[in-house]
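Please keep the sequence and the structure in view while reading.

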Amino acid sequence: MKQGTRIPALAKLLPFGTLAGCAGMQSALQPTGAEASDIGTLFWTVTGISVLTFLLVLAFMAGALKGSPGLRRRISDQRTIVACGIVLPVFVLSGLLTYGLLVMEAGSTRTASAEGPGITIVGKRWWWRVVYETPDGREVVSANELRLPVGRPVAIRLETEDVIHSFWAPQLGGKLDMIPGRTNVLTVEATEAGISRAQCAEYCGGAHAMMAMFVVALPPDEYDAWLAAEAQPAASPVSALAAKGEAIFAEYGCGACHTVRGSAAAGIVGPDLTHVGARHSLAAATLANDRDAFVRWIAQNQHIKPGNLMPPFDMLTPEELAALGAYLDGLE
Ligand code: CUA
């Protein structure tokens, strides 16, 4: 084979490389939730029927172009055209529509069955406020990470305080918009423990792509224990460096925008930081969660996520930044 013919052959295979993107923690094709599972089955059913239809059309075309005169006569017969051109499509499309409506109905039945405490997620620029309801009716404010109990349907109220965002955790369920002035309810039920990823699925400004978060599904007893811990005020600094960081946090007025429950910091502009150190990421799944990431974020956040509402604190000395990093990383 000549070189010239080999490259186009390889190029034809390239699109299959994109299939690699279908796997992983943000894949709708690897459901770990009841609704995503329904959607997955719907997807494969529709895809399967579409492929069969495509092959049927190809077979008819081949018959019409290359078939014997007898076959071509039968293909062009009016009864064949009515059967395959009208009756079959009506039958197949009506069947698919009914099936799709049943899947959607299953979703709303699940919504009605979610009786336990709910969760409210509010879209922000560009992060998520996540408010958990406890069994005794209190609210626990957190941010940029969603935790769910496996096997319990949970109603998630989706809201926004600025523009339209869209919540999409592909392994859990379908996407649903967050619309100003409205509360949309999405009910999800995690079917297995593990971490997946959610992404804002509606363009909401410059850093839209960096508006993501991890979704952590926990066994129900672990979830209950976690929520009880999350409801507690922040831990006291465990080291002298962290204590210095706490003082700098207060001195620079970080509490005007951030809340750290148990301290004077009670701002609501930015994410609640009471247990920020325990999350799997910083800045809505933009950075890892460690001291270095805190330091980078505080000093260079406009470089990391341009246009976000936090000013860069690049006037702080490396020592001050290190102390802040130690303090925030210790808020577990
Ligand atoms: Cu929020 Cu896109």
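Helices (H or I, at least four residues) and strands (E, at least two) are DSSP runs, numbered from the N terminus. The expected span of a helix is 1.5 Å times one less than its number of residues. The model is a predicted one, in which local features need pLDDT of at least 70 and side-chain atom pairs count only at pLDDT 80 or more, while totals for chains, interfaces and linings use all residues. Residues are numbered from 1 along each chain as its sequence is written, and side-chain values use heavy atoms, with hydrogens and water left out.

Helix H7 covers residues 291-304. A straight helix of its 14 residues would span 20 Å at 1.5 Å a residue, yet H7 spans only 16 Å between its end C-alpha atoms. H7 also has a kink of about 65°, centred on Ile298. The bend at a residue is the angle between axes fitted to the seven residues ending there and the seven starting there. At the start of H7, a side-chain oxygen of Asp290 comes to within 3.3 Å of the backbone nitrogen of Asp292.

Buried here means under 20% relative accessible area and exposed means over 50%, with partly exposed in between (1.4 Å probe, protein chains only). In H7 the buried residues are Ala293, Phe294, Trp297, Ile298, Ala299, Asn301 and Ile304.

Asn301 in H7 deserves a separate look. Its relative accessible area is 0%, so Asn301 counts as buried. The side chain of Asn301 reaches the backbone oxygen of Ile298 at 3.5 Å. It also makes a polar contact, at 3.0 Å, with the side chain of Asn308. A polar contact is a pair of N or O atoms within 3.5 Å; within protein, one must be able to donate a hydrogen and the other to accept it, and residues adjacent in sequence count only if both atoms are side-chain atoms. Not counting residues up to four places away in sequence, Asn301 touches Arg296, Pro306, Asn308, Met310, Pro311 and Pro312, where contact means heavy atoms within 4.5 Å.

How does H8 sit in the structure, and what does it pack against? Its buried residues pack against H7 and helix H6 (240-251). H8 is largely enclosed by the rest of the structure, because 9 of its 12 residues are buried. These are Glu320, Leu321, Ala323, Leu324, Gly325, Ala326, Tyr327, Leu328 and Asp329. From first C-alpha to last, H8 reaches 16 Å, close to the 16 Å expected at 1.5 Å a residue.

The loop between H6 and H7 holds Ala283 and Ala284. Ala283 has a positive phi of about 55° although it is not a glycine. For Ala284, phi is near 60°, again a positive value in a residue other than glycine. Ala283 is buried, with a relative accessible area of 16%, and Ala284 is buried at 1%. Ala240, in H6, is exposed, with a relative accessible area of 68%.

Elsewhere in the chain, a cis peptide bond joins Arg125 and Trp126, with omega about -5°. Trp126 lies in the loop between strand S1 (119-123) and strand S2 (128-133). Another loop, between strand S6 (165-168) and strand S7 (176-178), contains Gln171. Gln171 is buried, with a relative accessible area of 6%. Leaving aside neighbours within four places in sequence, the contacts of Gln171 include Gly24, Met25, Gln26, Pro31, Ile195 and Ser196.

Now the chain as a whole. It has 8 helices and 10 strands, and is divided into domain 1 (24-112), domain 2 (119-230) and domain 3 (240-329). These domain bounds come from an automatic or database domain assignment. The C-alpha centres of domain 1 and domain 3 lie 52 Å apart. Ala240 and Glu35, 205 residues apart in sequence, are 48 Å apart in space, C-alpha to C-alpha.

The radius of gyration of the chain is 26 Å, whereas a compact globule of 332 residues would have one near 20 Å. This radius is taken over C-alpha atoms, and the globule rule is 2.2 Å times the number of residues to the power 0.38. Along the principal axes, the C-alpha atoms fill a box of roughly 90 × 60 × 35 Å. Of the 332 residues, 40% count as buried.
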